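Welcome! Please take a moment with the sequence and the structure below, and then let us walk through some of the details together.

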Amino acid sequence: MDATTAPHRIPSEMPQYGEANHIFEMMQVTRAAPPCRDTGRRPGNLCRGTRNMLEQLLIHRPEEPIPFMIDYLQQNNDNVPKIVVLGPPAAGKTTIAMWLCKHLKSNLLTMENLIAKDFSSLAADARRHYQKMKSVPSMLLVRLIQERLREEGCVKQGWILDGIPATREQALMIQSLGIVPRHVIALSAPDTVLIERNLGKRIDPQTGEIYHTTFDWPPEPEIQNRLVVPAGISELETAQKLLEHQRNIVRILPLYPKILKVISADQPCVDVFYQALTYVQTNHQSNAPFTPRVLLCGPVGSGKSLQAALLAQKYSLVNVCCGQLLKEAVADKSKYGEVIQPFFEKEMAVPDGIVKKLLCQRLSQLDCLQRGWVLHGFPRDVDQARLLTGRDCTPNRVFFLNVPLDSIIERLTLRRTDPVTGERYHLMYKPPPTMEIQARLLQNPKDSEEQVKLQTDQFYRKCPELEQFYEQAITLNGDQDPYTVFEYLESGIINPLPSKVP
């Protein structure tokens with residue numbers, strides 16, 4: 001390729017295909033990989049899927065590596081949940097693991113259900129050992145886990161380990177077998193809180209449900225009467241278990257430095273769950289090249305124009321405002337401008353087909369292809385969204401800014417313009433400096449309360465279909481400080497989109 005012809009116009013299908021199919025992530029090489037223990041060399045860090053495949057190849061060492069890699073890729077399970085939940089006694093790790101399992105439609109693996117598995121010689125050995133010693137050897141437990149993870153359900157739907165590994169020895173054995181979690185959650189709380197929780201624990205012998213004398217007491221008298229105190233929850237026994245956990249956990253957590261999230265369990269269980277769920281649904285940040293194509297949706301007055309300007313300024317994106325684009329086309333007397341002019345004169349809406357052609361023309365220009373873009377003002381409904389699906393027009397990040405009607409009315413109906421200077425004011429947030437200026441301020445007819453209510457109602461009536469069309473859209477609360485909203489937008493653009501639950 002002749003360097004003198006740069007910049008080269010790379011077909012837009014290439015980066016779009018690369019982003020959609022994670023080709024860039026496969027190609028990326030960073031310096032984050034730890035040095036090899038034997039050679040001391042620091043290998044390149046390939047993308048997660050490729051790295052995992054190569055790890056499995058080295059671990060299993062098949063005689064025919066090509067068929068092995070094909071089978072691995074056909075499993076297509078790099079995005080299923082692979083989660084470890086750890087924590088001291090009474091921290092609620094089992095509850096969190098069960099809720100995650102139900103929400104993510106995954107498989108929960110505990111010591112109890114592993115050794116209770118039918119038609120497994122390993123499980124039978126583990127049961128016999130547990131009946132004699134009240135424990136299972138680490139090697140036997142890890143082999144049970146390996147056997148379970150090979151089953152089709154775990155391959156396709158993922159898995160959540162509850163309280164395993166309990167020791168560094170178990171963690172290293174699990175790693176040596178190529179069992180690598182994507183997320184590790186460690187719950188923590190003061191010992192006094194955990195001891196108090198444990199002392200109030202009660203179990204329903206019929207259903208196995210766990211209750212608490214203070215936090216979760218059943219309302220039905222018949223259930224209250226049959227609850228029993230579980231074994232091993234005295235203050236002394238709990239303190240001994242906490243000490244053992246603390247000795248082990250400090251040696252386990254350093255094995256998971258980049259995938260670990262520590263969450264305080266000294267808060268309502270629902271809050272703990274949502275923090276855990278948010279973490280496990282977040283992909284780890286990638287260094288792959290990425291060209292943002294951002295779409296901002298929201299009612300009039302939701303702050304789309306401001307956020308678009310902030311994004312364009314910080315990330316050098318092309319700020320594409322649909323309304324402004326139509327005005328510029330008319331002012332430039334372009335071929336589209338001549339078509340649009342009559343609709344402006346009659347104060348009629350420009351047909352969607354014309355708007356679509358003008359937008360796609362703009363978004364396919366070189367600056368948009370190279371730098372990326374942020375679009376606002378179109379689409380407003382699902383029919384318009386279907387038009388915006390061309391090769392250069394499809395967004396890869398969509399945000400909905402939700403603002404209640406009261407806030408929108410406050411933002412828009414108090415706007416005023418000085419007809420002398422053209423300066424814009426807001427009677428609450430930016431009042432005019434003098435009474436003389438205030439007396440001559442004018443309100444745009446579009447900012448009347450009736451018009452604002454009408455436009456807001458129209459948007460929110462069409463919004464559910466639009467959100468359904470953009471399945472991976474991120475909904476934000478736009479009724480807060482603009483720079484707080486901007487931080488959320490940044491996070492949604494920089495980080496990979498959450499994986500959809502299979």
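Lysine 333 is exposed, because its relative accessible area is 66%, over the 50% that the term requires. You can find lysine 333 in the loop that links helix H16 (322-331) to helix H17 (335-345). Its backbone is worth a look too: lysine 333 has a positive phi of about 55°, although it is not a glycine.

Alanine 90 is another residue with a positive phi, here about 70°, and again it is not a glycine. Its place is the loop between strand E1 (82-86) and helix H5 (93-104). Is alanine 90 buried or exposed? Alanine 90 is buried, because its relative accessible area is 16%, and buried means under 20%.

Before going further, please keep in mind that this is a predicted model. The mean pLDDT of the protein is 84, and 85% of its residues reach 70 or more. Over residues 1-9, however, the pLDDT is below 50, and this stretch has nine contacts in the model beyond near neighbours in sequence. Residues 29-45 also stay under 50 in pLDDT; for them the model has 25 contacts beyond four places in sequence.

Now to the peptide bonds. The one from isoleucine 164 to proline 165 is cis, with omega near 5°. Proline 165 sits in the loop between strand E3 (159-162) and helix H10 (168-176). A cis bond also leads from phenylalanine 378 to proline 379, with omega near 5°. Look for proline 379 in the loop between strand E10 (373-376) and helix H20 (382-387).

Finally, let us turn to the cysteines. How many disulfides does the structure hold? It holds one, formed by cysteine 360 and cysteine 393, whose sulfur atoms are 2.5 Å apart. Cysteine 360 belongs to helix H18 (residues 352-363), while cysteine 393 lies in the loop between H20 and strand E11 (397-402), so the pair ties together parts that are 33 residues apart in sequence. Cysteine 360 is buried, with a relative accessible area of 16%, and cysteine 393 counts as buried at 2% relative accessibility.

Cysteine 101, by contrast, is in no disulfide: the nearest cysteine sulfur belongs to cysteine 154 and is 9.4 Å away. Cysteine 101 counts as buried, at 13% relative accessibility, whereas cysteine 269 counts as partly exposed, at 31%.

Key:
Residues numbered from 1 in each chain as written. Predicted model: local features only at pLDDT ≥ 70, side-chain atom pairs only at ≥ 80, totals over all residues. Heavy atoms only, no water. Helix = DSSP H or I, 4+ residues; strand = E, 2+ residues; numbered from the N terminus. Buried < 20%, exposed > 50% of the residue type's maximum accessible area, 1.4 Å probe, protein only. pLDDT = per-residue confidence, 0-100. Contact = heavy atoms within 4.5 Å. Disulfide = S-S within 2.5 Å.
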